Amino acid sequence: MSFNPRYHHTATQLHDEQLIIEAAKLNPERFGPLYDKYYKQIFGYVYQRMEDKDSAFDITSQVFLKALTNINRYEYKGVPFASWLFRIAHSEVMQLFRDQKNKRAINADVGDLKNIYEEVQEPFFEEYLPALQQMIKQLPEDDLQMIELRFFEHRPFKEIAEILNITENNAKVRMYRILERLKKTITNFKI
Amino acid sequence: MEPKFNLNRPKISDEEINKNKDFDNLVKQFKEQSIQRARSDVSFFKNKKATYAAVIAGIAVVCTVTYLTVSNRSNKQTATNEKTNTLTENKKPGTRKTFISPPSQKLNVPYNSYKVNNAKGGELAHHTSTKLKIPKNAFVNKAGEQIVGDVEIQYREFHDQADIIASGIPMRYDSAGTSYTFESAGMFDVKGFQNGEEVFISPAAPITIEFASEYPTDTYNQYYLDTAAQKWNVIKHDTPSAYKNANDRPPNVLPQAQKSITEKNIEKKIEYIPKKIDSVKTVYDKKIVALPSPQQPGKPTKPTGRPQINLDVDFKDFPELVAFKNVLFEVGNENKNYSKEISQTTWNSAIISAGPQKGKNYILTLKNRTREEKFVVYPVLTGECYETAAKVYEKKFNEYNTLLDKRAADGQKLKDEMAAKQKAYVEEQKKLSAELLKEQIRVQRDMEAQYANQNKNAGVQNKVLRVFQVSNFGIYNSDCPRSMPKGPVIQPDYYSSTSVPLDPTIVYLVDMGSNIVYNMSNNSYSFMYDTRKKYSLCIVAGGSLYVCNNEQFNSTVKQNSRKFIFKSVDAENIADFKKALEI
């Protein structure tokens, strides 16, 4: 399942979306198209970070309820509405993990972990998986968030920057630093 | 707390995601929330009555919680004082995982694995004469959907005291506030999987297990171990039935040994070695390719008398010509299109680019508004310029040769390193293969020993059938609850055969005459025994098993000694453990 099929928008799409948002500010029933459009993406984002499917559905509902409640405060900043939803989702899941740490999970495919090795230009063997998993589990939450967005959800830097409300360059620098740290640890268990 | 890491978690279908979408409910929630918010705008706490009510309610809650906490503590204290060991004590936080805790994985009773097609069902014959009768469509997945294809059934049995100890299954049973220990007529543990995923028994099609029990009396009940609630649940009275005739018993076939964890680990390591060898090659090939490659300097040549052209060349593009001061370009013999007329024509641009013989010749492209001509040209030098360039060339050519030699030497060094690494992996592979063979032989011997032991029991005992209707996978038992032994008190000190004091974490009092294992771990310093019974003691200390056999036990209690001597159990499998326990 691809969690991010249509993040990027053309100028026309952004304009159309803006019209729907303005309509939803006046009448919550008009929020439907946004709900339909982004439900899967937001669920994907939430479930990617969680162990429990049912809780992920609950949090997703909570995200949309918050979005609808606060839609009058939403200001268009030239990026898709999804980035605002992702920020609400991020805040909701972090709040949940503060209350219930056991809900936090990291979900990745072997191919994703292989990509990390490729990124740091180290040969990859499956037997390194447990050590790499352990390493990722011990990353600070902010670094883990970057790894998840970039490698496990395959998002481009521009999108990561919009979700985290930072500049694209800042996102690249952060990722570079994280990979530098990972590389140092990875070289300890290479051939 | 570290987060859990899931690798390759199954994806959720779009259908399931869409099923959970409910926009109408979202709008409903939003409207309710809006109404509540509007109501809460009327300040609740400005109402004095409400404030008092809240304070009183708060005090009441605090008092209730305090009372319950104190009451619970008091109850726990009472239970501790009575020194009763109940299953519910295992519910303490952090002990849930160790509810079923085998003292040694090596000695644990291994599972036998069977395959059954869910659509067809079938009858599985275990080598102890037990039959597993599986109706059609007996298995469902966690969503309650019928399983398609084969299901793997893992099954094992526990018949005697050694099996009970080795399994780590708790045999305590609480009834009406009294704690008992089970005397067992046999237990079994059955599980089902498909592709590593747990499957479940359909409520509409329970499976029947005709358990071959070695204990024929009619004094047992059937129980199911609820591992979540950590207690045994009684099912019904267990009435045994005899085999109609000896032919009913399935032929004894040596079951295929299951791979041990060690075996699997070694196989995995062996599997990785060719990949490692390949990867070493890839890494070193890249290193060899990346070695600096020297560029052969261009050899200066004298003019041959062909037409020459003086061009202003940017040597950045042609570093081999840097040493050629005042270089001229001579038109090559191969240019059949060259004529005098070319030199008399006015050209707007002259572009030089690499020629067919790199470093030796070049392509000169001449253009004007109407024409474009291309010629192969050769760099030539005259007079002093040639002499100087020849000297520079000689020096550079020597340097070039030195660098070539160095590159060859570095390349060879890397190749040698690669060969050494690959050789080390090949050696490791040989060593692991030898280890694997040794482990496979050990596992097969264990299985044969276990099989021989079970067959020996089957041959001498008069087996009966105990029929279980199994609607959940798990552990079932045909048991009779027995009270703790009554009689003289012993206060044992535990010593090894070399008189080293032992500090046991688990103490089993083994009734050798009945199939009962009392867990005395919580009052190991003092417990009673029945003088009419035959006992052995089995303990776990420092992660190892020790046995004080019946003879040693009797001799110690006769002497009124507290010093119980234990022999270390050096058992490789359950059969060895049985021998050590003298079963």
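Predicted model: local features only at pLDDT ≥ 70, side-chain atom pairs only at ≥ 80, totals over all residues.
Colleague: Where does α5(B) bend?

Modeller: A bend is the angle between axes fitted to the seven residues ending at a residue and the seven starting there. α5(B) bends by about 25° at Ile273(B). A proline, Pro274(B), follows within four residues.

Colleague: Which residues in α5(B) are buried?

Modeller: Count other C-beta atoms, placed from the backbone, within 10 Å of the residue's own: 20 or more is buried, 12 or fewer is exposed, and in between is partly exposed. In α5(B), Ile266(B), Lys276(B) and Val280(B) are buried.

Colleague: How many residues does the contact take from chain A and from chain B?

Modeller: Two residues are in contact if their C-beta atoms, placed from the backbone, lie within 7 Å. Chain A gives 32 residues and chain B gives 26 residues. On chain A, α2 (32-48), α3 (53-69), β1 (105-108) and α6 (129-137) each supply at least two residues of the side that touches chain B. α3(A) gives the most, with 7 residues. That side of chain A divides into 17 nonpolar, 6 polar and 9 charged residues. Here Ala, Val, Leu, Ile, Met, Phe, Trp, Tyr, Cys and Pro count as nonpolar, Asp, Glu, Lys and Arg as charged, and the others, Gly among them, as polar.

Colleague: How many bridges join β1(A) to strand β1 of chain B?

Modeller: Two strands pair if DSSP finds at least two bridges between them. Here 4 bridges join β1(A) to β1(B), residues 4-7, and the strands run parallel.

Colleague: Which strands of chain B form an open sheet with β11 and β20?

Modeller: The order is β3-β4-β11-β20-β14 in chain B, with antiparallel pairing. β3 (122-125) and β14 (241-242) stand at the edges with a single partner strand each, so one side of each is left without a neighbour in the sheet. β11 (207-213) and β20 (464-470) of chain B pair over 7 bridges. Ile207(B) has Val470(B) as its bridge partner in β20(B).

Colleague: How many residues lie between β24(B) and β25(B) in their hairpin?

Modeller: There are 4 residues between them. The strands, residues 506-511 and 516-519 of chain B, run antiparallel and are joined by 4 bridges. Tyr508(B) has Asn519(B) as its bridge partner in β25(B).

Colleague: Phi of Asn165(A) is near what value?

Modeller: Most residues other than glycine have a negative phi. Asn165(A) has a positive one, near 60°. It sits in the loop between α8 (157-164) and α9 (168-186) of chain A. With 14 C-beta neighbours inside 10 Å, Asn165(A) counts as partly exposed. Glu582(B) also has a positive phi near 60°. Glu582(B) lies in the segment after α9 (574-581) of chain B.

Definitions and conventions: Residues numbered from 1 in each chain as written. Chains lettered and ligands numbered in written order.
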